[in-house]
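Dear colleague,

I am handing over the structure that we talked about, and I would be glad if you could look at it before reading my notes.

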Amino acid sequence: MLKKSHSKLLIKLLLMISITSCSAQKASDYQSQAIDSREQIKPWQYSQNNAEKVSDLTELINIPELTRFIDQAMKHNPSVQQTAIALQIAYAQRGIETSESLPQASLNSTSSKNEGSNTSYGNELNISWEVDLWQKISDSIKGAEMDIASSKANLQAAQDALAANIMRTWLQINLQQQLIKIEQQRLTSLEHNETFIIERYRSGLGSLEDLDDAKSSSASTRATLAEYNELYAQYQRTMWQLLGQDTAPADITINAEFPAVLQPLASLPNQDLSRRPDLQSAYYTIYAEQYRSSAAYKALLPSINLSAQLTGNALFNSPAWTLLSQLTAPLFEGGKLRAQADIAELTAEKAYWSYKETLLNAVNEVDNALGQEQSLSRQQGHIDDALKSANRSFANYQTKYRQGLVNIIDLLSVQQQTFDLQSQLTQLIYNRLVNRIDLGLALGLGISK
């Protein structure tokens, strides 16, 4: 049989629930919508040839020194370290949320002295605890746990992006060295032409205009060479910056030749995209905001607080206990709680659309990279054929020029075309190799921890 006081408390509880429960509602299930959106992605638009199945981004390029660079960068790169600290903050925030589910205690001590009397002391120990009747505090804790999962994914994304940037920069240094070598060969050939023109002029077979044309081409090439040398130095400095240091390691030399870069195999979109840390982070953010939205709506419901107060001069010498229980329900706060719940729901919806945007960008990145692989392959084949033809043509023009059948302008034009095609082919090879790194990143390949 319920006591009369307990019956009244139960009646009050039921009455308050009936008044406020109509104001509360369950948040939308955005995380399920996110999963459905990813599963509905159609197969990739492009097929692949000679693609390799790899599990890590670093498997695309097998260079021990490059792997060592990446390992070093994970420990010293400032951007990655900031992301790692953000993860630690997320852990600390969960501790704050967890503390709300535990009893709270405070101790107050006072002293007073009146004229003609001894000093008196008073102590008061207060203990309070909110009963998590509707799992509101539990939802807040779960939201903080999802923040941790999102931060972990962000850290993985930052590490993967850093590794990809180091690999791209390595290839960029390869590229600049090769472009410098081509321009040096161009300059050597042009200077040789200047000498040959002077000899012909002295023999009465040429003109000073031919010499001016040759010198003009040489000067232009020297300007390009100066630009490439500076770009080479800049990319070296970029590499050391990515590694978290300001000078180059004394025992590392990056060769000019391009390394072999594997083409990663793309499988099913749902399988590929589920590995991407940016999508994982966006998904966990939806979950976190859903939990916070649920907690915000539950704040509209009644809450029960239990408290105890222990008082006494010596606290534990003849103390006096006071036990209290309090049932509260939000009846009117100017719409504050309802607005907070609405904001939480809208924040969850915003997180869903952010996920959707990230998903669409991811699909676009993969399709673009797959398409680029095919396009760059075709371009590389065509430029390679053009270069072979240009080399044959240049050899023929050299013979004709020595025979006086063509002028210097024709020879320089063919010569410039040959070196231009060499530079273009080198740039295309670089673009294709970098695109494979971009494809690996788009497919969710990362670095192992």
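Below is what was found in it, taken piece by piece.

This is a predicted model, in which local features need pLDDT of at least 70 and side-chain atom pairs count only at pLDDT 80 or more, while totals for chains, interfaces and linings use all residues. Residues are numbered from 1 along each chain as its sequence is written, and side-chain values use heavy atoms, with hydrogens and water left out.

Helices (H or I, at least four residues) and strands (E, at least two) are DSSP runs, numbered from the N terminus. Helix 3, residues 64–76, has 13 residues and spans 19 Å from its first C-alpha to its last, close to the 18 Å expected at 1.5 Å a residue, where the expected span is 1.5 Å times one less than the number of residues. Leu66, Phe69, Ile70, Ala73 and Met74 of helix 3 are buried (under 20% relative accessible area, with exposed meaning over 50% and partly exposed in between, for a 1.4 Å probe and protein chains only). These residues cover an arc of only 135° around the axis, which puts them on the same side of helix 3; the arc is that of the directions from the helix axis to the C-beta atoms. The face turned away from this buried side carries the exposed residues Pro64 and Lys75.

Pro302 lies in the loop between helix 8 (277–298) and strand 3 (303–312), and it counts as buried because its relative accessibility is 1%. The C-alpha atoms of Pro302 and Leu133 are separated by 8.6 Å, although the two are 169 residues apart along the chain.

Best wishes
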